[in-house]
Amino acid sequence: MGHPPYLEQFGPQDWLEKFRMSKETFFYVCNQLRPGLAPHSAHFHPTLPLEKRVAVALWHLATNVEYQTLSPLFGVGPSTVQTCVREVSYAVVLLLKPLYLRLPNEKELDNMVRIFRTRWGFPHCIGALDSLHIPIHPPLRLSADYCNGQGWHSILTQATVDGLGQFWDVSTAFPGSMENSAVLESSSLWHFMGKAQKYVLLGDATYPLQDWILKPYQEDENLTQRQLQFNYRLKRAHSVIENAFLRLKARWQILLKCDDCSLELLPTLVLACCILHNVCEAHDNPFNEEWLEGTEPTELPKPCQPAPAAMEDGRAEQVRELMCQYFESCGEG
């Protein structure tokens with residue numbers, strides 16, 4: 001079966017630049033989404049092929065080009081571009097999330113521990129946990145809810161990645177004024193990890209110390225050499241999610257500033273971008289380091305409210321101390 005003529009013009013580099021994935025991955029995604037983007041959908045012009053809808057949506061997610069700019073490139077109106085973005089995002093979540101972004105089973109957990117230990121030198125660990133604030137323009141009536149601790153408006157996403165930097169749990173749609181600890185406590189991850197007793201996640205100071213969440217000791221002059229070594233090891237391993245967020249935003253630059261997107265659609269769009277990130281990583285699609293330029297605007301500092309002491313689990317200090325002993329016995333690394 002031949003490819004649509006409007007896609008034949010693209011060379012390998014064009015596919016990466018416009019859609020952030022190879023030609024093969026693009027058509028794989030199209031085939032996976034086919035059941036959710038049937039041509040009988042009332043939202044679409046009957047002659048708009050599935051591949052064109054996916055191409056329009058991915059181009060917008062990747063480049064954050066405005067609807068009005070993108071519409072003449074595909075010979076469709078701005079409202080059709082908007083519809084493509086919405087429908088494809090929903091289809092990605094419906095059909096690709098069960099394959100690429102889901103809670104792991106017991107066998108997968110053991111494999112995740114092995115990868116984390118091999119790549120990052122941290123034992124019993126199945127993931128790194130962090131939050132992502134995405135800039136938005138909220139309605140005036142919701143302005144206070146979405147104003148984060150650094151004074152800018154955002155929607156908050158909590159995410160967990162494995163040792164390869166692929167997301168396995170994402171909770172989004174939280175207003176920027178919420179603290180990481182409150183988001184965590186209201187998320188399904190809190191209940192999932194409460195049952196997974198023998199594993200740990202790595203967090204930062206914004207998360208409460210639990211027997212399943214380890215975070216660095218607070219930096220001061222009283223830290224022992226063992227505690228400093230623990231902090232170094234944890235921060236080095238935690239960088240896997242910091243890098244994953246950078247790659248996510250660089251690939252899908254809609255996440256740098258969501259001006260065209262309604263608050264209603266935004267959680268689905270964020271989730272779709274996380275799923276598509278995993279698709280690209282799992283299929284070994286090349287990542288262009290030049291995409292990283294401009295992904296960290298210095299004028300928008302990240303909120304970092306420490307977790308309330310009341311949420312800390314006193315028993316977790318023993319787990320952290322055992323890790324200190326483990327790293328001391330391993331020597332420097």
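Predicted model: local features only at pLDDT ≥ 70, side-chain atom pairs only at ≥ 80, totals over all residues.
Residues are numbered from 1 along each chain as its sequence is written, and side-chain values use heavy atoms, with hydrogens and water left out.

**View 1. The kink in helix 6.** Helix 6 covers residues 78–100, and a kink of about 35 degrees lies at L94, shortly before the proline P98. The bend at a residue is the angle between two fitted axes, one for the seven residues ending there and one for the seven starting there. As for the names, helices (H or I, at least four residues) and strands (E, at least two) are DSSP runs, numbered from the N terminus.

**View 2. Helix 6 against helix 12.** These two helices pack at an angle of about 55 degrees, with axes 8 Å apart. Axes are lines fitted to C-alpha atoms, for helices over the stretch in contact, and angles run from 0 to 180 degrees between N-to-C directions. Helix 6 and helix 12 are therefore oblique to each other. (Angles under 35 degrees count as roughly parallel, over 145 as roughly antiparallel, 65 to 115 as roughly perpendicular and the rest as oblique.) Helix 6 passes helix 12 in a left-handed crossing; that means the near helix is turned anticlockwise from the far one by less than a right angle, while clockwise would be right-handed. On the helix 6 side, the contact is made by V85, S89, Y90, V92, V93, L96, K97 and Y100. Helix 12 brings T268, L269, L271, A272, I275, L276, N278, V279 and A282. Contact means heavy atoms within 4.5 Å. By class, these residues divide into 13 nonpolar, three polar and one charged. Ala, Val, Leu, Ile, Met, Phe, Trp, Tyr, Cys and Pro count as nonpolar, Asp, Glu, Lys and Arg as charged, and the others, Gly among them, as polar.

View 3. Look for A272 in helix 12. Is A272 buried or exposed? With 0% relative accessibility, A272 counts as buried. Leaving out residues up to four places away in sequence, A272 touches S89, V92 and V93. A272 and V93 are 179 residues apart along the chain, yet their C-alpha atoms are separated by 5.6 Å.

**View 4. Helix 4 across helix 6.** How do these two helices sit relative to each other? Their axes come within 8 Å and cross at roughly 90 degrees, so helix 4 and helix 6 are roughly perpendicular to each other. R53, V54, V56, A57, H60 and L61 in helix 4 meet V81, C84, V85, V88 and S89 in helix 6. This contact has eight nonpolar, two polar and one charged residues.

View 5. T160 is in strand 2 (residues 154–161), and T160 is buried, at a relative accessible area of 0%. Apart from neighbours within four places in sequence, the contacts of T160 include F167, W168, L189 and I241. C258 is in the loop between helix 11 (225–251) and helix 12, and C258 is buried too, at 2%.

**View 6. Two residues with a positive phi.** Most residues other than glycine have a negative phi. H124, in the loop between helix 7 (106–120) and strand 1 (125–135), has a positive phi of about 60 degrees although it is not a glycine. H124 is partly exposed, with a relative accessible area of 41%. D284, in the loop between helix 12 and helix 13 (316–330), has a positive phi of about 55 degrees and isn't a glycine either. At 67% relative accessibility, D284 counts as exposed.

Key:
Buried < 20%, exposed > 50% of the residue type's maximum accessible area, 1.4 Å probe, protein only.
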